Amino acid sequence: VTDANWETSRSCSGIAIMLNGGAVSWAAKKQPATALSSTEAETYAAAAATAEVVWARGLLSELGFAQRGPTTLWVDNTGAVAVASDAASIGRSRHIARRANFLQNMHESGEIEPRHLPGEDTCADALTKPLDKKRFVRLREYLMNSRVAGNAAAG
């Protein structure tokens with residue numbers, strides 16, 4: 001699950017790698033450059049998450065848990081999903097071409113399957129921006145797999 005906060009001068013990327021209903025890896029980090037659009041900020045976050053996913057898939061395979069299908073990469077920006085899924089969209093995104101190419105290569109090789117998840121449902125929001133207490137607690141419970149019922153992709 002990825003998110004980026006584009007409301008600041010340098011966006012913050014948030015990623016959470018979920019396994020069996022709980023977060024096993026998470027990070028929040030300022031992006032090294034100022035994003036020119038929300039799609040650029042979200043693409044940067046998606047590329048960072050994909051690198052983590054590729055590493056986790058390799059580790060799981062080494063431990064005897066071969067990954068038979070792609071890992072779903074939940075992104076809350078439809079433009080970033082298009083960049084990751086469709087080589088034709090790169091023409092509109094040349095300023096983020098390296099990250100876009102990385103995402104597309106990982107999609108084509110079957111490592112990831114980029115999917116859109118509405119922003120209000122993105123658990124990585126807890127890593128990128130201040131939230132009201134109720135929403136923060138709900139997303140934290142999802143990340144920690146501490147809810148008994150109703151666990152969904154977003155929390």
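**Entry 1: terms and overview**

I count helices and strands as DSSP runs, numbered from the N terminus. I note that the model is predicted.

I looked up the elements next. The protein chain has five helices and five strands. Read from the N terminus, the order is β-β-β-α-β-α-α-β-α-α.

I then looked up the totals. Of the 155 residues in the protein chain, 40% are buried. I took the contacts in the protein chain with a separation of 6 or more, and 59% of these join residues 24 or more positions apart. The protein chain has an accessible surface of about 8400 Å². Carbon and sulfur atoms hold 55% of that surface.

I went back to Leu63. Is Leu63 buried or exposed? Leu63 is exposed, because its relative accessible area is 57% and the cut-off for exposed is over 50%.

Trp55, Leu59, Leu63 and Phe65 make a nonpolar surface patch. I noted about 460 Å² for this patch.

I moved to the start of the chain. Three strands form an open sheet there, in the order 1-2-3, with antiparallel pairing. Why is one side of strand 1 (2-5) and of strand 3 (22-30) left without a neighbour in the sheet? Both stand at the edges with a single partner strand each, so one side of each has no neighbour in the sheet. On average, neighbouring strands of this sheet are turned by 15° against each other, direction ignored.

A reminder to myself: strands of a sheet pair through backbone hydrogen bonds, either parallel or antiparallel.

I checked each pair. Strand 1 and strand 2 pair in the antiparallel sense over four bridges. A hairpin of six residues joins strand 1 to strand 2. One bridge I looked up sets Thr2 against Ile15 in strand 2.

Strand 2 (residues 12-19) also pairs with strand 3, in the antiparallel sense, over eight bridges. Here I found Ile17 with Ser25 in strand 3 as its bridge partner.

What lies across these strands? Helix 1 lies across strand 1, strand 2 and strand 3. Helix 1 runs at about 30° to strand 2.

**Entry 2: the side chains of strand 1**

In a regular strand the side chains alternate between the two faces of the sheet. I looked for this in strand 1. Thr2 and Ala4 point one way, while Asp3 and Asn5 point the other way. All four residues are buried.

**Entry 3: salt bridges**

Side chains of opposite charge can pair when their charged atoms come close. How many salt bridges are there? I have a count of five salt bridges.

I began with Asp3. Asp3 forms a salt bridge with Lys129, and the closest N and O atoms are 2.7 Å apart. Asp3 lies in strand 1, and Lys129 lies in the loop between helix 4 (125-128) and helix 5 (133-143), so the pair ties together parts that are 126 residues apart in sequence. Asp3 counts as buried, because its relative accessibility is 0%. Lys129 counts as partly exposed, at 22% relative accessibility.

Lys129 forms a salt bridge with Asp125 too, with the closest N and O atoms 2.9 Å apart. Asp125 counts as buried because its relative accessibility is 4%. I can now write down a network of salt bridges that links Asp3, Asp125, Lys129 and Arg135.

I also looked up Arg115 and Glu113. Their side chains meet in a salt bridge at 3.9 Å, N to O. Arg115 counts as partly exposed at 42% relative accessibility. Glu113 counts as partly exposed at 24%.

**Entry 4: Thr128**

My last stop was Thr128 in helix 4. Is Thr128 buried or exposed? Thr128 is buried, because its relative accessible area is 7% and the cut-off for buried is under 20%.

Which residues is Thr128 in contact with, leaving aside its neighbours within four places in sequence? I listed Asp3, Ala4, Asn5, Cys12, Ser13 and Gly14. For Ser13 I looked up the distance as well. Thr128 and Ser13 are 115 residues apart in sequence. In space they are 6.5 Å apart, C-alpha to C-alpha.

How values were computed:
Residues are numbered from 1 along each chain as its sequence is written. This is a predicted model: local features need pLDDT of at least 70, side-chain atom pairs count only at pLDDT 80 or more; totals for chains, interfaces and linings use all residues. Side-chain values use heavy atoms; hydrogens and water are left out. Helices (H or I, at least four residues) and strands (E, at least two) are DSSP runs, numbered from the N terminus. Buried means under 20% relative accessible area, exposed over 50%, partly exposed in between (1.4 Å probe, protein chains only). Contact means heavy atoms within 4.5 Å. Accessible areas come from the Shrake-Rupley method with a 1.4 Å probe; for residues, only the protein chains shown count as cover. Patches are made of residues with over 30% relative accessible area and no salt bridge: like charges are joined within 9 Å, nonpolar side chains (Val, Leu, Ile, Met, Phe, Trp, Tyr) within 5 Å. A salt bridge is a side-chain nitrogen of Lys or Arg within 4 Å of a carboxyl oxygen of Asp or Glu. Two strands pair if DSSP finds at least two bridges between them. Axes are lines fitted to C-alpha atoms, for helices over the stretch in contact, and angles run from 0 to 180 degrees between N-to-C directions.
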